[in-house]
Amino acid sequence: MRKKQFIPAAVALLLCATGAYAHLTGAFANFLVTVNDESTTERLKEEVAQTKKQIAELMPQIAKLEASYKADQQVAVDKLQFYSELGLDTWVTLLLQEQEPVDILGSQWLIERNLDAYMAELDKLYLAYKQLVATKETLEGHEKLLAVIEENLQARGAFLADNPELPIEQLANYLDIDWMAEVEPALLAILAKDRALTEHEAAAWASARAVSGPNPYRLDESWLNERSELRYFFRSDHVYVVFQKPDLHVILIGQVLEESPAAAALVFEAGFFNGFLMPETLIEELQGFRIPYAQLGQLPDAQVPLYLQQTSGGLIVRTKE
């Protein structure tokens, strides 16, 4: 709360009201009964607990995957060194020792069979590596989100500590003034910019992380974060959007839902401003990004009809059955 800058404005606003704070008009007037109500932070606290649990579950998984990968990697390296050092010599020896063409072909078949098996092992090793990297990225995302949620909760404590003697009504006004002057105009503009970006470049977003397999396209959060002034955290259950300035911290929580048969969109269901639960009147004003299906359907190997599935770190383009 920037009370140093906003005290004159707050006083003027309060003087305009009839009675002692009797007719507050700002959105945060809805918070008169919850400014000091700790129960309004329960969702954030639940998110902290759930995220910590997920982090704890991922740690042993990563250790197991890493140990298995390193063991298989060493075997692959040893085999590669063997084939590299002895491969040509083996061929020369076979050509010199074998008298019959059928024997030469048989020995060649054995070598090729071993090489095919080795290549299959390398493919398996590569998949294990990708799984390890993906799990580590998920852990990193959870850790970053945890820090953001805890920071939002800390902002609430700092706001109340900075204004220990003020009545609830005035605290609500300070929040409202900060929101209207410092947050709302900038946040609405950035959300509109991100929405225009995803509406026009959804195909480019998906193509940036194309992979082989039955679901080749993934819309990775990093692509959006590189282009946005907000920070997006994708998880399988929700998408978290963070807007931050000095002393001002907003977390929006939503889901990517099918807006219509033609598009999916990020729909916000809750938000916290400096740790205070935002009223629905503010949430309703905020529009998240929108992704037209038509753009995704034009990508190579994409099959329509399709839909988007939330996952840790992004969205997966899937085909409807």
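Trainee: In which helix does Y126 lie?

Mentor: Y126 lies in helix α3, residues 101-162, where a helix is a DSSP run of H or I with at least four residues and a strand a run of E with at least two, each numbered from the N terminus. This is a predicted model, in which local features need pLDDT of at least 70 and side-chain atom pairs count only at pLDDT 80 or more, while totals for chains, interfaces and linings use all residues. Residues are numbered from 1 along each chain as its sequence is written, and side-chain values use heavy atoms, with hydrogens and water left out.

Trainee: Why does Y126 count as partly exposed?

Mentor: Buried means under 20% relative accessible area and exposed over 50%, with partly exposed in between (1.4 Å probe, protein chains only); Y126 has 48% relative accessibility and therefore counts as partly exposed.

Trainee: What makes β3 and β4 a pair?

Mentor: Two strands pair if DSSP finds at least two bridges between them, and strand β3 (residues 239-245) and strand β4 (residues 248-260) have seven, in the antiparallel sense. K245 stands opposite L248 in β4, and in the hairpin, with two residues between the strands, D247 takes a positive phi near 70°.

Trainee: How many bridges pair β4 with β5?

Mentor: β4 and strand β5 (residues 263-273) pair in the antiparallel sense over ten bridges; a hairpin joins them through two residues, and A263 in β5 is the bridge partner of S260.

Trainee: Where is confidence lowest in the protein chain?

Mentor: On pLDDT, the predictor's confidence in each residue from 0 to 100, helix α1 (residues 3-16) is lowest at a mean of 37, and strand β7 (residues 290-292) highest at 96. Where pLDDT is low, the predicted coordinates should not be read in detail.
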